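Please examine the structure shown below together with its sequence.

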Amino acid sequence: MKAARHAMILELIEQYDIETQDELAAYLREHNFVVTQATVSRDIKELRLIKALSENGSYKYATVDKAETGLQDRFIRIFSHSVVSITSAGNLIVIKTITGSASAAAETVDSMKWNEVAGSIAGDNTIFIAIKDQRLVPEIIKRFQSMLK
């Protein structure tokens with residue numbers, strides 16, 4: 001059921017400029033999905049939907065790859081304003097952020113889609129990034145540090 005609901009959400013945000021969770025829930029109900037606001041909120045988080053500027057100047061839900069072209073710059077700005085320190089431990093890069101910013105900064109990491117990155121996990125103020133080859137950790141740290149300038 002969840003997979004079908006997620007597929008429907010992706011279809012709906014492609015067809016309509018959906019601005020709010022309530023609006024998305026109403027569209028889902030029209031398509032015979034029983035949802036609560038909490039369910040829609042979780043789905044948005046799991047699908048990693050973002051608010052992107054629509055053609056009419058309002059904001060709508062979109063997937064990262066469908067968002068406006070300036071989004072990457074915005075992610076990097078968020079990252080650069082959030083990061084406090086970058087260190088490593090083995091094949092892990094550990095990024096400390098200001099409180100409550102790790103998730104937003106991790107979105108930047110994920111949006112880069114670097115082949116060397118196996119994955120990331122964000123807490124409240126810490127991001128763990130697993131690098132596939134430990135020998136590449138210093139190079140990846142340099143890339144992150146260059147984003148801070």
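**The largest pocket**

H5 provides five residues to the lining of the largest pocket, the largest share. The model is a predicted one. The points below are grouped by topic.

- The largest pocket holds about 400 Å³ of space.
- Its lining has 18 residues, and those closest to the centre of the pocket are Arg 48, Ser 103, Ala 104, Ala 106 and Glu 107.
- At least two lining residues each come from helix H3 (37-46), strand S1 (50-53), helix H4 (71-82), H5 and strand S5 (117-122).
- By residue type, the lining of this pocket comprises nine nonpolar, two polar and seven charged residues.

**Nonpolar cores**

- The largest nonpolar core consists of 20 residues, and Phe 79, Ile 93, Ile 95, Ile 129 and Phe 144 have the most contacts inside it.
- Strand S3 (83-89), strand S4 (92-97), helix H5 (102-112), strand S6 (126-131) and helix H6 (137-147) each contribute at least two residues to this core.
- Neighbours within four places in sequence aside, Phe 144 contacts Phe 79, Ile 86, Ile 93, Ile 95, Val 109, Trp 114 and Ile 129.

**His 6**

- His 6 is part of helix H1, which spans residues 2-15.
- His 6 counts as buried because its relative accessibility is 13%, and buried means under 20%.
- Beyond residues up to four places away in sequence, His 6 touches Asp 43, Glu 46 and Leu 47.

Note on methods: Residues numbered from 1 in each chain as written. Predicted model: local features only at pLDDT ≥ 70, side-chain atom pairs only at ≥ 80, totals over all residues. Heavy atoms only, no water. Helix = DSSP H or I, 4+ residues; strand = E, 2+ residues; numbered from the N terminus. Buried < 20%, exposed > 50% of the residue type's maximum accessible area, 1.4 Å probe, protein only. Contact = heavy atoms within 4.5 Å. Core = buried A, V, L, I, M, F, W, Y, C linked by side-chain atoms within 4.5 Å. 1 Å grid on protein atoms, 1.4 Å probe; cavity = no way out; pocket = protein on both sides within 12 Å on 5 of 7 lines; lining within 4 Å. Points joined across faces, edges and corners; volume = space filled by probe spheres on them. Nonpolar A, V, L, I, M, F, W, Y, C, P; charged D, E, K, R; others polar.
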